[in-house]
Number of protein chains: 2
Amino acid sequence: MENFEFMSPTCFVFGRDVEQQVGAKLAERGARRVLLHFGGQSAERSGLLDRIRVSLEAAGVGFVELGGVRPNPEIELVREGVALAKAEGVDWILAVGGGSVIDSAKAIANGACIEDDVWELFETKRPNPQTLPIAVVLTIPAAGSEASKNTVISNDALGRKTGYANEAHRPKLAFMNPELTYTLPPFQTAAGIVDMFSHLLERFFDDYGAVPVTDNLNLSLMKTVRAEAPRVLADPENYDARANLMWAGMLCHQGIAGLGRHEDWASHALEHELSALRPSITHGAGLAVMFPAWMEYVCADAPARFAFYGREVFGLCPTGDMLADALSAVDETRAFFASLGMPTTLEELGVFEEDIERMIPTLRANKGECFGRLKRLSLDDARAIYRLAL
Amino acid sequence: MENFEFMSPTCFVFGRDVEQQVGAKLAERGARRVLLHFGGQSAERSGLLDRIRVSLEAAGVGFVELGGVRPNPEIELVREGVALAKAEGVDWILAVGGGSVIDSAKAIANGACIEDDVWELFETKRPNPQTLPIAVVLTIPAAGSEASKNTVISNDALGRKTGYANEAHRPKLAFMNPELTYTLPPFQTAAGIVDMFSHLLERFFDDYGAVPVTDNLNLSLMKTVRAEAPRVLADPENYDARANLMWAGMLCHQGIAGLGRHEDWASHALEHELSALRPSITHGAGLAVMFPAWMEYVCADAPARFAFYGREVFGLCPTGDMLADALSAVDETRAFFASLGMPTTLEELGVFEEDIERMIPTLRANKGECFGRLKRLSLDDARAIYRLAL
């Protein structure tokens with residue numbers, strides 16, 4: 001078990017109607033003027049934004065608004081948010097939405113406290129201890145951004161999509177009402193499930209041996225996500241299924257499921273290039289294609305680990321041939337994603353053989369000549385995995 | 001899944017040699033004068049206290065000392081600590097030890113910020129939002145007090161032992177070096193294991209239905225504790241086994257293993273009366289006797305839940321008779337505790353038939369006429385469970 005330092009400072013307010021507490025909880029924490037940040041029109045149409053505005057007004061918390069965050073959030077809107085936050089003297093960011101809105105809010109929270117252009121942080125990864133505090137009303141359980149230290153932002157002008165990790169921008173407040181997820185379209189629900197499951201896989205498969213306390217906890221979350229997934233897809237207004245999935249989604253990426261391990265993150269790096277190339281690709285859908293391809297490519301390097309995963313999560317019986325067991329676990333993973341209606345090939349995402357070379361230079365810019373932990377991947381390995389995914 | 005609010009503000013610094021960072025981390029957080037609080041002589045003899053003093057001095061953090069915390073910590077020393085903290089203008093409490101020292105530190109942290117005698121908080125359970133911040137160097141993984149909201153203090157003059165829960169006194173910093181637990185005597189290691197396992201049982205068995213995300217996580221911790229227990233007892237200097245157990249012990253009582261559930265806590269209430277009656281009884285040893293007795297008494301009220309636990313944690317095969325399966329799970333629990341060298345009867349703890357009536361009035365004072373959730377227990381039920389444990 002490796003040494004680690006871990007802190008999760010988020011106060012989680014979980015359950016029915018919790019969004020009505022937004023104003024009071026922010027006021028308690030001294031918020032005076034928040035930037036209300038959101039995505040498209042669904043939060044407006046559903047009345048959620050109005051309920052939040054009423055809650056803020058009732059608590060005497062002022063606010064300015066910035067909507068329009070798109071999936072794969074972009075740096076231009078972040079810059080607009082930074083300018084607005086500075087001009088309006090905003091002291092909290094309130095993100096209403098899923099991972100894209102929260103990631104955008106994190107970027108703004110950083111940018112509002114520095115002089116430089118905020119993209120510099122993504123480019124240089126330099127530490128930034130000072131950010132505005134963030135509160136979240138979560139509407140899409142998937143990215144786990146409501147408690148994580150990570151944000152991922154696209155820069156269309158540069159054709160880049162890259163992450164920035166900062167302990168200081170972990171949200172301080174997260175309001176999680178499972179009922180708000182009832183109206184998510186099946187595709188988004190499914191992509192979210194793949195995203196959270198992938199956050200567990202990235203932590204489970206690396207170049208470190210067993211860490212039973214962390215591994216068992218991680219596997220327990222995999223089993224939960226796998227069991228709740230068909231329940232929410234079959235019955236979108238099943239409160240308990242939605243609630244279990246929403247809470248699991250947070251735990252999948254908060255950090256606790258990888259403590260004491262190295263973690264891998266090669267599959268996320270491979271996926272980021274897909275959605276940098278085609279911003280219309282949903283992150284979870286990209287992962288549904290790339291993760292099984294990565295697994296197939298590397299599983300011969302750690303067959304026992306993959307076989308263990310297959311037994312625990314999919315109930316596979318050992319055949320006596322460890323590599324065959326490992327490959328069966330990979331097949332089960334792909335089949336699980338397919339059962340949710342997710343794509344299994346790059347072609348389904350509109351990415352073809354000739355696109356591979358277009359992704360390599362930005363992959364190099366983001367990750368250098370090699371990346372990943374379970375197997376150190378060269379850029380040639382990356383080419384091979386993309387080809388395997390066609 | 002019930003609504004909940006949850007926050008775990010502790011920064012965990014985990015691994016080899018982390019106690020050397022105590023001074024620097026406290027200085028970073030603005031500590032100027034800490035109360036160094038500890039138990040008997042073992043931390044002195046091992047050199048741990050000296051390493052901590054050196055670390056504080058190197059970081060320019062002043063300190064005053066108060067040792068002598070006993071198992072089942074007592075209110076008189078807490079009062080001494082409160083007076084010292086007030087007189088010396090202490091701004092942090094630094095607890096070096098296990099659950100008893102940390103619980104004592106929590107009581108002092110509360111008492112230092114109120115005018116009244118600190119026992120009033122235990123008596124009235126009234127909220128106290130203001131406490132001194134607490135840092136912990138953990139030497140005994142068991143109570144989970146390094147991250148929990150709970151403290152339990154004895155009052156010898158009143159013959160009482162009771163708890164006080166306060167979100168504000170959750171420790172802000174916890175240094176967890178598994179090597180510091182190498183020298184724990186087998187009895188204390190084993191009692192700690194029972195304590196952490198009991199924290200999971202209290203959360204798993206209640207009057208609420210399934211909460212899969214929480215239940216699976218809880219069961220994963222039970223499996224971890226059960227698997228690591230024989231490893232640490234057979235090989236006390238096995239770093240990985242000690243590390244897994246230390247981290248699990250925190251997770252067992254931080255709160256995460258019961259979120260969305262009601263939780264029970266009857267067995268802890270029954271045990272507290274044992275160690276109030278005989279302060280020499282180690283909490284974990286008392287639980288090793290009382291928990292299986294409670295389980296035996298109540299399992300007919302929720303046989304499916306007990307059978308599920310037996311399958312998941314002990315690998316028991318269903319026999320078709322649910323109540324028999326439930327009773328087998330109870331037997332396995334008792335056998336697990338016995339395998340660690342823990343007592344299985346009250347007589348082994350020096351508690352006899354004639355002592356039962358002596359515990360009932362204080363049980364009534366602490367819990368009223370009925371308590372527990374899986375089955376609401378009357379004081380007559382309590383008598384019956386004590387008798388079952390003889």
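Predicted model: local features only at pLDDT ≥ 70, side-chain atom pairs only at ≥ 80, totals over all residues.
User: Why are H7(B) and H8(B) called roughly antiparallel?

Analyst: The axes of helix H7 (residues 186-204) of chain B and H8(B) cross at roughly 170 degrees. Angles over 145 count as roughly antiparallel, and therefore H7(B) is roughly antiparallel to H8(B). The two axes come within 10 Å, and the crossing is left-handed.

User: What makes up the contact of H7(B) with H8(B)?

Analyst: By class, the residues divide into 13 nonpolar, two polar and two charged. H7(B) brings residues including Ile193(B), Phe197(B) and Leu200(B), and H8(B) brings residues including Leu221(B), Met222(B) and Val225(B). Phe197(B) is counted as nonpolar because Phe is on the list of nonpolar residues. Arg203(B) in H7(B) and Asp215(B) in H8(B) also belong to this contact; Arg and Asp count as charged.

User: Which residues of H12(A) and H13(A) meet?

Analyst: Among them are Phe306(A), Tyr309(A) and Phe314(A) in H12(A), and Met322(A), Leu323(A) and Val330(A) in H13(A). The contact has 11 nonpolar, two polar and two charged residues. Gly310(A) in H12(A) is also part of the contact, and Gly counts as polar here.

User: How do you know that S1(A) and S1(B) pair, and in what sense do they run?

Analyst: Pairing asks for at least two bridges between the strands. Strand S1 (residues 4-14) of chain A and S1(B) have seven bridges, so they pair, and the sense is antiparallel. Phe4(A) stands opposite Phe14(B) in S1(B), while the bridge partner of Ser8(A) is Ser8(B).

User: What makes S8(A) a partner of S1(A)?

Analyst: Four bridges join S1(A) to strand S8 (residues 173-176) of chain A, in the parallel sense. At least two are needed, so this is a pair.

User: Why are the two S3 strands said to stand at the edges?

Analyst: The open sheet has 12 strands in the order S3(A)-S2(A)-S4(A)-S5(A)-S8(A)-S1(A)-S1(B)-S8(B)-S5(B)-S4(B)-S2(B)-S3(B), and its pairing is mixed. Strand S3 (62-66) of chain A and strand S3 (62-66) of chain B each have a single partner strand, so one side of each has no neighbour in the sheet. From one strand to the next, the twist averages 25 degrees.

User: What makes up the side of chain B that touches chain A?

Analyst: The contact takes 30 residues from chain B and 30 residues from chain A. On the side of chain B, strand S1 (4-14), helix H8 (212-234) and helix H9 (239-254) give two or more residues. S1(B) gives the largest share, 11 residues. The residues of this side divide into 17 nonpolar, eight polar and five charged.

User: Where are the two domains of chain A, and how many residues are in contact between them?

Analyst: Chain A is divided into domain 1 (11-180) and domain 2 (186-388). Their C-alpha centres lie 26 Å apart. In the contact, 20 residues of domain 1 meet 26 residues of domain 2. On the side of domain 1, strand S6 (150-155) and strand S7 (160-165) of chain A give two or more residues, and S7(A) gives the largest share, three residues. By class, this side of domain 1 has 10 nonpolar, six polar and four charged residues.

Key
Residues numbered from 1 in each chain as written. Chains lettered and ligands numbered in written order. Contact = placed C-beta atoms within 7 Å. Axes fitted to C-alpha atoms, helices over the stretch in contact; angles between N-to-C directions. Parallel < 35°, antiparallel > 145°, perpendicular 65-115°, else oblique. Left-handed = near helix turned anticlockwise from the far one by under 90°. Domains from an automatic or database assignment.
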